[in-house]
Amino acid sequence: MGRCGAAVLLVALGDWLFWQWGGLGSNIGWFTGAVALAALSFRPGIVRSAAALIPALAALILAAILADQPSLLGFVLFIGALGIAVLIVRYRGFDSASRWMARIAVHCILAIVGPWRDLIRLRRRTGPLTGAAFWRLVPLPLIGGAVFLALFAMANPVIEVWLGRLTVLNLDAELIARSILWLMLATFVWGYLRPRKWTLPAAKQGMPGTDELPGFTTGSVTTALVTFNLLFALQNGLDLAFLWSGAPLPDGMTLAEYAHRGAYPLIATALLAGLFVLVALRPGTATATNPLVRWLVILWTGQNLFLVASTIERTMDYVEAYSLTRLRIAALIWMALVAVGLVLILWRVLRGHDARWLINANAAVATAVLMTCSLVDLGAMAATWNVRHAAEAGGRGAELDLCYLDELGSASLIPLVELELARTHDPVFLDRIAWVRSTLLRQTLRRQTTGNWTWRDHRRIETVKAMTIARGLRLHASPDEGPNGRGCDGTPNPPSVMVEPADTRAAAPSAPSPDDRTGTMPANPSLTAEAVQ
């Protein structure tokens, strides 16, 4: 009964946050935080288990992050962290990240049918409500409650007003949509208040060695590692010659082209190298214990790390030539994760750890990075970097892409205000900045007042207010839109050329004019000039 009461209260809270308040925004953080506290309160064993306490604290931290700025990444991480916290007390600790990913996926599927399964089980336990049982159970509380409610309405005008507002429910679109919201909230909440344990098939303990794989003998692996080291030395030597030393490239090739073409293929090369080490050098095999092979693997891993470093340098050179975007920040983070993964693979080979250790280590690093990404605003990072390195601001970067800053939304507000307060000498560029800034500010203020309020945007607006008041700039000042509006970069649209539509009506035949040479009328007025000639 305690879980049922908690579920009803959480559904009522969700209805108030998402329907009556009318929006998402930081409301997602408040609701997920309440769900986490309610779910953890029904699992007292969590505080006594270190394996359960860590994901429980992670779930609460993610709820706070969602309250600051909601994101799909943060919400997915919250689902996984809270799912592990409420389920792990039923298992013997944390075994493997891959198996827990499967458990969380099954948990989400079972949560959809969980409430209905419990209703069916409750009906089987209590038995069907027959007609005789109905007349023994329902009339007294129903009639007695109605009598007391009528007396209270006579004594209390507030209750009378509430009863007067009650009308027969109409199955309109609003009621249907609200009912769907209640069902979704109840399903989401009940999955954590009453999670289902699902047992995975036992993991296979014996893993085949390289001797059982065709073509993976000690000699072939050694020869392959020598070949790979030579090829990687060639690539790394070219990077040293052109990328790191700044030597001139061949004619017709720019540094931006050299950097961009190799950024992603080289990361794929490093991933393939890591996969080869995983397959060919399994702990306990003959290849993994061979001293020459181990030294070749160490050398090759070092070359792979240098290759990843060169790839990061390529990406940074490309950013210098153009600009920074959220996708490029994500690519740099991914490259760093690849480097960490290579180090972990090498450590596994040298120390003889099993596959579960490697999976858990990579999962821990990836989870920490993803939680950091859900907390940090990558869009604000990109906007700040682009503004401070823009050619218009005296930097060495490319020209500022105001359309991309407009696409980033409120994340660009503070960098744009900083650039506007710098008072660039170009009045046309300053006018464009002011237009984009004012547009983003209006959109952010509108979003804050329509139910999608967030703490992060609130802090941004307060920071912009403080910056503009301190420098005497009007917060809501906006340049003239002009007769034809403006583009996403604040450039006034050119005047549109009005092309009059051609008259499609058939022209009436004009009266034939006298022939200039003879002064007589043509015999056939319908003849054209070409026909007359």
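The model is a predicted one. Arg456 pairs with Asp377, with the closest N and O atoms 4.0 Å apart. This pair links distant parts of the chain, 79 residues apart: Arg456 belongs to helix α20 (residues 455-471), Asp377 to the loop between α15 and α16 (378-389). Arg456 counts as buried, at 9% relative accessibility.

A salt bridge also joins the side chains of Arg388 and Glu418 (3.9 Å, N to O). Arg388 lies in helix α16 and Glu418 in helix α18 (residues 413-421), so the pair ties together parts 30 residues apart in sequence. Arg388 is exposed at 55% relative accessibility. Glu418 is partly exposed at 32%.

Arg447 and Asp457 meet at 3.5 Å, N to O. Arg447 is partly exposed, at 30%, whereas Asp457 is buried, at 3%. Through shared partners, salt bridges join Asp68, Asp377, Arg447, Arg456, Asp457, Arg459 and Arg460 into one network.

The largest pocket has a volume of about 830 Å³. It is lined by 26 residues, of which Gly80, Ile84, Phe94, Ala363 and Thr367 are the closest to its centre. Helices α3, α4, α5 and α15 each supply at least two lining residues. The largest share, eight residues, comes from α15. The lining comprises 23 nonpolar residues, three polar and no charged.

Helix α10 (residues 218-244) has 27 residues and should span 39 Å at 1.5 Å a residue; its end C-alpha atoms are 36 Å apart, which agrees. Buried residues of α10 include Val221, Leu225, Phe232 and Leu243.

Methods. Residues numbered from 1 in each chain as written. Predicted model: local features only at pLDDT ≥ 70, side-chain atom pairs only at ≥ 80, totals over all residues. Heavy atoms only, no water. Helix = DSSP H or I, 4+ residues; strand = E, 2+ residues; numbered from the N terminus. Expected span 1.5 Å × (residues − 1). Buried < 20%, exposed > 50% of the residue type's maximum accessible area, 1.4 Å probe, protein only. 1 Å grid on protein atoms, 1.4 Å probe; cavity = no way out; pocket = protein on both sides within 12 Å on 5 of 7 lines; lining within 4 Å. Points joined across faces, edges and corners; volume = space filled by probe spheres on them. Nonpolar A, V, L, I, M, F, W, Y, C, P; charged D, E, K, R; others polar.
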